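Dear colleague,

Please find below the structure that I am handing over to you. My notes on what was found in it follow directly after.

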Amino acid sequence: VQLQASGGGLVQAGGSLRLSCAASGRIFSINTMGWYRQAPGKQRELVATITRGGSTNYADSVKGRFTISRDNTKNTVYLQMNSLKPEDTDVYYCTGNYMGSAYWGQGTQVTVSS
């Protein structure tokens, strides 16, 4: 399973970005997908997850600002990020669970300037 993330970039505080992550490979369907983020020297932390059935979970720090969604026909997960803050600056990683194993994308940089 390969996960390819895209959509990161530089944005001013209060702006928006949309991340995408497509899973490919010999998969029939991928289960829970999600996004984590990590700053240099810090642990990777949960941003949001979504099950195949559409149940979502968010970190308290992003509730009301970020929205996770997915397209099961494309095995793709999205993260719409609104009202971005400088503290949202991180490398964002997508993840997907398939057959009991977790797979990770390569990470995409999100930088929010004040």
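**Aromatic residues and charges over rings**

Trp 104 is partly exposed, because its relative accessibility is 39%; here buried means under 20% relative accessible area, exposed over 50%, and partly exposed in between, with a 1.4 Å probe and protein chains only. Please note that this is a predicted model, in which local features need pLDDT of at least 70 and side-chain atom pairs count only at pLDDT 80 or more, while totals for chains, interfaces and linings use all residues. Residues are numbered from 1 along each chain as its sequence is written, and side-chain values use heavy atoms, with hydrogens and water left out.

Rings of Phe, Tyr and Trp (its six-membered ring) are taken to pair if their centres lie within 6.5 Å; planes under 30 degrees apart count as stacked, over 60 as edge-to-face and the rest as tilted. By this rule there is 1 aromatic pair. Strands (E, at least two residues) and helices (H or I, at least four) are DSSP runs, numbered from the N terminus. Tyr 36 is also partly exposed, at 24% relative accessibility.

Two arginines sit over tyrosine rings, a term used if NZ of Lys or CZ of Arg is within 6 Å of the ring centre and within 35 degrees of the ring normal. The charged end of Arg 18 is 4.2 Å from the ring centre of Tyr 78, and Arg 44 lies over the face of Tyr 93 at 3.7 Å.

**The nonpolar core**

A nonpolar core is a set of buried Ala, Val, Leu, Ile, Met, Phe, Trp, Tyr and Cys residues joined through side-chain atoms within 4.5 Å. The largest one has 28 residues, and among those with the most contacts inside it are Trp 35, Phe 66, Ile 68 and Leu 79. Strands that each supply at least two residues of this core include E1 (2-6), E3 (17-24), E7 (66-71) and E8 (76-81). The largest share, 4 residues, comes from E3. Leaving aside neighbours within four places in sequence, Ile 68 is in contact (heavy atoms within 4.5 Å) with residues including Trp 35, Ala 48, Tyr 58 and Leu 79.

**The open sheet**

An open sheet is formed by 4 strands in the order E1-E3-E8-E7, with antiparallel pairing; two strands pair if DSSP finds at least two bridges between them. E1 and E7 stand at the edges with a single partner strand each, so one side of each has no neighbour in the sheet. E1 and E3 are joined by 5 bridges. Gln 2 has Ser 24 of E3 as its bridge partner, and Gln 4 has Ala 22 of E3. On E1, Leu 3 and Ala 5 make up the covered face, whereas Gln 2, Gln 4 and Ser 6 make up the uncovered one.

Ser 20, in strand E3, is buried at 19% relative accessibility. Beyond residues up to four places away in sequence, Ser 20 touches Gln 4, Ala 5, Ser 6, Trp 35, Val 77 and Tyr 78.

Asn 75 lies in the loop between E7 and E8 and is buried, with a relative accessible area of 10%.

With kind regards
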